[in-house]
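This report is meant for a reader who is meeting the structure for the first time.

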Amino acid sequence: METIEISPKSALQKFFGFSKFKGHQEAIIKNLLAGNHSFVIMPTGGGKSLCYQLPALMMEGTAVVVSPLIALMKNQVDSIRTFGSDDSVAHFLNSSLSKAEILKVKKNIMEGRTKLLYVAPESLTKQENIDFLTTIKVSFFAIDEAHCISEWGHDFRPEYRKLRPMIDRVGENVPIIALTATATPKVQLDIQKNLGMQDATLFKASFNRDNLFYEVRPKRDVVKEIVRFIKTKQGKSGIVYCLSRKKVEELAEVLRVNGIKALPYHAGLDASTRAKHQDMFLMEDADVIVATIAFGMGIDKPDVRYVIHHDIPKSLESYYQETGRGGRDGGEGHCLAFYSYKDVEKLEKFLNGKHVSEIEIGKQLLHEIVSFAETSMCRRKYLLHYFGEGFKEEDCGKMCDNCRNPREKTEGKDEVALLLEAILETKEKHKPSHIVSILLGELTSDVRTYKHNKLEVFGKGSESTDRFWNAVVRQTLVAGLIRKDIETYGVLFVTDKGREFLENPTSFMVLREHDYEGDNSDDDEDIITSKGGGVGFDEQLFQMLKDLRKTIAKQKNVPPFVVFQDPSLEDMAVQYPINIKELNNITGVGPGKAERFGQPFVDLISRYVEENNIERPDDLVIRSVANKSAAKVQIIQNIDRRLPLEAIGKAQGKNVDEVITELETIVSSGTRVNINYVIEDLLDEDNQEEIFDYFMGADSDSIVDAYKEFDGAYSEEELRLMRIKFMSEIAN
Ligand code: ADP
Ligand code: MG
Ligand code: ZN
């Protein structure tokens, strides 16, 4: 292929069919063509790839592109090939290739046909590859996802730190272009230092995504909140991020039983399932993907309308990246995160056992996300400040929860001055937590060590809480009166603006912070398991329901337990269902039972609720997984097929006893099963009748009682199976 002597603009048209450059693309490309180093910081979806793909096609030689993931490389190579006439225009070199494939790649490069060579950082450290690259003409190096270089980034890759020496060995004076979607000032500096390109021209696009709405809610009843939220966005695409695979599976299941088309996605699923779920999401056969962070790199669905964080992410970078997948087409994108300090503690625990410096970094990053979650400032402004970008407006108007519902403000002029004095008096050498301790007058070990209790400012702010002081620190930071040191990440300095303020204090309104204390994050376990278990119930209503049950049982000529069992009544006395649909959500109640016996019960509850002014939990729409798991459905189907219980159990790794237990819950919630084929093998007709009659007249369905009654003539298993038959025929 020949070098093309045309302008970037016509090359854009020629190779990609685009008529205009996006953002800084043209300037970046020109800079690279001129042989300069470039550093590109551009949000996800901004069009970074084109910044190196286009010049690669225009320049002599082969551009070497370092990219962290094999999947990403493959996507990129495929997409660039669709623009070219010849597959050899782009190749990748990584551990997935065979010897023969590698030879072909090298041949194409030597023939000058390959303009782009994607490599994994590991491949670039291999001697034979380096040797090969020294023999060819490399047009430039592109380092994609360059934040992987920095330990302060959210996706550190140690191999990325070895790139510069490799590049030097391949050729001097080869331009480098580094690209990333997230870089705090700290990470930015790290990247430039490590790549030895402090002189690079910096191109930084605004990180402001003005179509995204940011919201943080306290983590209470999180699963219910999520179901309710998604219900308001019916038919729209969304992503829900969870930290653990287990949670991903559970939540996807809960969403499904609530009628939401959701699929799980995590690294524990095999590759084909992952690919299938991703495709279904892209093709809109599924509305929601519930995922760990494994999902998203390279995902390009433009109309994701909401991104939910079930758990707070471990850094603001992650949060920004993940929320950034919403609204890429410029349309609606609601970013909803659930925050509980407990989750932060969990994340801190994960850090245990890591290297000391890693722990330190991890804690700092967590501290930043906590500040973001707790702040009542404009979230957009806070986020942009974190990424080193000023936001000119006072706030974003109505595009974050804090702007939509502003918190109370109080005059904080004196407090801000006090904070600045404390920082100056301690010689600008300390982190926020220490400064706050001084202001509060706390005798911490650090305070003692430095004898900071002798300072003028010690204890001067003891009338306020540490929550308040942390708020003041955050807000003066964003206002630019103080700054955090980049190198030590956390030590506070007073800026010139801050010094001016001290000389001539002006009004400074401090926002009251959110109080998320007392929130719990374990609630969602409850909704799956709490059904009928242990929660305090309305005793009075429970008694009334029991009386009603007795009456109904008499009318229908069945024992009371056939109507509803105690756990069901207890659950009713918690949830107060007032119609049949709601009754279906009660533990042990299935549609069959609800229809057959339910009406008088919901009528009674309905009257009771009204007479006593009861505030019902308004979440009965939420179905728990417990009633209707796939395993149960399979058992029912296999009973219909008249499979032996052993075989049914085997299919699910259960023994016969466990299968019977499953059957008991199935029938007690009102589903009929016909197990005559099982019973026929065990008991003759007379025996069956005898047991059946016993249950008909019994006060309770207790197996122990039955066993005693028959003096051990029937085995426990026989009795249980007969009880299943009985419940099926009489109750359901
Ligand atoms: P990033 O790597 O910054 O996240 P990509 O390079 O994947 O973004 O580009 C995102 C999308 O923007 C791609 O679909 C790409 O084809 C498109 N794109 C890039 N540049 C342009 C342009 N100048 N005009 C139109 N579309 C563009
Ligand atoms: Mg990219
Ligand atoms: Zn705002």
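Predicted model: local features only at pLDDT ≥ 70, side-chain atom pairs only at ≥ 80, totals over all residues.

Which residue in β4 is the bridge partner of valine 64? The partner of valine 64 is leucine 117 in β4. Residues are numbered from 1 along each chain as its sequence is written, chains are lettered from A and ligands numbered from 1 in the order in which they are written, and side-chain values use heavy atoms, with hydrogens and water left out.

Helices (H or I, at least four residues) and strands (E, at least two) are DSSP runs numbered from the N terminus, and two strands pair if DSSP finds at least two bridges between them.

Isoleucine 239 stands opposite isoleucine 289 in β11, while valine 240 has isoleucine 308 in β12 as its bridge partner. The pairings of the two strands are set out below.

| Strands | Sense | Bridges |
|---|---|---|
| β2 and β5 (138-143) | parallel | 4 bridges |
| β2 and β4 (116-119) | parallel | 4 bridges |
| β9 and β12 | parallel | 5 bridges |
| β9 and β11 (288-291) | parallel | 4 bridges |

Tyrosine 241, which is placed in β9, counts as buried because its relative accessibility is 2%. Its side chain and that of arginine 325 are joined by a polar contact of 2.9 Å, a polar contact being a pair of N or O atoms within 3.5 Å, where within protein one must be able to donate a hydrogen and the other to accept it, and residues adjacent in sequence count only if both atoms are side-chain atoms.

**Aspartate 311**

Aspartate 311 sits in the loop between β12 (304-309) and α13 (316-323), and because its relative accessible area is 9%, aspartate 311 is buried. The side chain of aspartate 311 reaches the backbone nitrogen of leucine 243 at 2.8 Å, and a polar contact of 3.1 Å links this side chain with that of histidine 310. Apart from its neighbours within four places in sequence, aspartate 311 is in contact (heavy atoms within 4.5 Å) with residues including Lys219, Tyr241 and Phe338.

**Around ligand 1**

Lysine 48 has an N or O atom in its side chain 2.7 Å from an oxygen atom of ligand 1, and a polar side-chain atom of serine 49 lies 2.5 Å from an oxygen atom of the ligand. Taken alone, ligand 1 exposes 570 Å², of which the protein buries 71%, with accessible areas from the Shrake-Rupley method and a 1.4 Å probe, only the protein chains shown counting as cover for residues.

Methods. Buried < 20%, exposed > 50% of the residue type's maximum accessible area, 1.4 Å probe, protein only.
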